[in-house]
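This briefing covers one protein model and the ligand in it.

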Amino acid sequence: MKLPPKTPSESRTTITDIVLPGETNPIGNMFGGELLARMDRAASITARRHSRRIVATVAVNNVSFNKMIPLGSVVTVEAKISRAFNSSMEIIMDVWIEDRENGIKTKANEAIYTFVAVDETGNTVPVPPVKPETELEKERYNAALRRKQLSLVIAGKLNPKEATELKALFF
Ligand SMILES: CC(C)(COP(=O)(O)OP(=O)(O)OC[C@H]1O[C@@H](n2cnc3c(N)ncnc32)[C@H](O)[C@@H]1OP(=O)(O)O)[C@@H](O)C(=O)NCCC(=O)NCCS
């Protein structure tokens, strides 16, 4: 049975939290692993909202730590689904820090995780397709298959010769 498509805004998740002393490195900036965990939580909620299934992280595809996040910062992780395939879902996160005085948010980091929907016995199950609405959502949707193939090639799960989207880029 074909599942009806869902828009990225239907499963969008934001988590806002402060950076406490136990979550920093020796020079007082947020520890990378702490941010990875916050992003994993936000992304898993998005994947769960989209699929309404049990979900598991199958890959952390890309993380760029572009800006240091000082102790006491208010950090917001926004997680949105970019595309769903059969059982897998690509979730893109944007991370923002908020200025204490004027409340203006500055983009600090970005990340892409892949989740898979499973049943109670751990077998993969199909998820609804994504219907992108905004220009950014359409851009992210269109590039997602290329990123999936790259991730599978790096993980040794796809023969580079079969990565049609990557070949189209380079040859
Ligand atoms: C998630 C899991 C059930 C998938 O099982 P599997 O036998 O690898 O299943 P498949 O090979 O059919 O892959 C399932 C989907 O994930 C995709 N996938 C697998 N590895 C991937 C990777 N490295 N990057 C991107 N997508 C990947 C596959 O392409 C497939 O997508 P599709 O169904 O949308 O076409 C299994 O790998 C697992 O249990 N992993 C551990 C998950 C976990 O515990 N996460 C928390 C980490 S502590």
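Helices (H or I, at least four residues) and strands (E, at least two residues) are DSSP runs, numbered from the N terminus. The model is predicted: local features need pLDDT of at least 70, side-chain atom pairs count only at pLDDT 80 or more, and totals for chains, interfaces and linings use all residues. Residues are numbered from 1 along each chain as its sequence is written.

**Overall fold**

- The protein has four helices and five strands, and from the N terminus on its elements run α-β-α-β-β-β-β-α-α.
- The C-alpha trace spans about 50 × 35 × 35 Å along its principal axes.
- Of the 171 residues, 30% count as buried. A residue is buried if 20 or more other C-beta atoms lie within 10 Å of its own, exposed if 12 or fewer do, and partly exposed in between, with C-beta atoms placed from the backbone.
- Among contacts between residues at least 6 apart in sequence, 70% join residues at least 24 apart; a contact means that the C-beta atoms of two residues, placed from the backbone, lie within 7 Å.

- Five strands form an open sheet in the order 1-3-4-5-2, with antiparallel pairing; two strands pair if DSSP finds at least two bridges between them.
- Strand 1 (13-18) and strand 2 stand at the edges with a single partner strand each, so one side of each has no neighbour in the sheet.
- From one strand to the next, the twist averages 25 degrees. Axes are lines fitted to C-alpha atoms, for helices over the stretch in contact, and angles run from 0 to 180 degrees between N-to-C directions.
- Strands of a sheet pair through backbone hydrogen bonds, either parallel or antiparallel.
- Strand 3 and strand 4 form a hairpin with three residues between them. Ten bridges join these antiparallel strands, and Val74 stands opposite Glu98 in strand 4.
- Strand 4 (residues 88-98) is joined to strand 5 by eleven bridges, and the two run antiparallel. Met89 stands opposite Phe115 in strand 5, while Ile97 has Thr106 of strand 5 as its bridge partner.
- The hairpin of strand 4 and strand 5 has six residues between the strands, and Gly103 there takes a positive phi near 75 degrees.
- Strand 4 is mostly covered, with eight of its eleven residues buried.
- Helix 3 lies across strand 2, strand 3 (74-84), strand 4 and strand 5, and runs at about 85 degrees to strand 3.

**The ligand shell**

- Around the ligand there are 18 residues, of which Phe85, Asn86, Ser87, Ser88 and Ser151 come nearest. A residue counts as near a molecule or strand if its C-beta atom, placed from the backbone, lies within 6 Å of it.
- Strand 2 (54-65), strand 5 (105-118) and helix 3 (135-154) each supply at least two residues of the shell.
- Strand 2 gives the largest share, four residues.
- The shell divides into eight nonpolar, eight polar and two charged residues. Here Ala, Val, Leu, Ile, Met, Phe, Trp, Tyr, Cys and Pro count as nonpolar, Asp, Glu, Lys and Arg as charged, and the others, Gly among them, as polar.

**Single residues**

- Pro4 is found in the segment before helix 1 (8-11). Pro4 is exposed, because 7 other C-beta atoms lie within 10 Å.
- Pro4 and Pro129 are 125 residues apart in sequence, yet their C-alpha atoms are 7.0 Å apart in space.
- Pro129 has its place in the loop between strand 5 and helix 3. With 16 other C-beta atoms within 10 Å, Pro129 is partly exposed.
- Not counting residues up to four places away in sequence, Pro129 touches Pro5 and Ala84.
- Arg52 lies in the loop between helix 2 (32-51) and strand 2. Arg52 has a positive phi of about 55 degrees, although it is not a glycine.
- Arg52 is partly exposed, with 13 other C-beta atoms within 10 Å.
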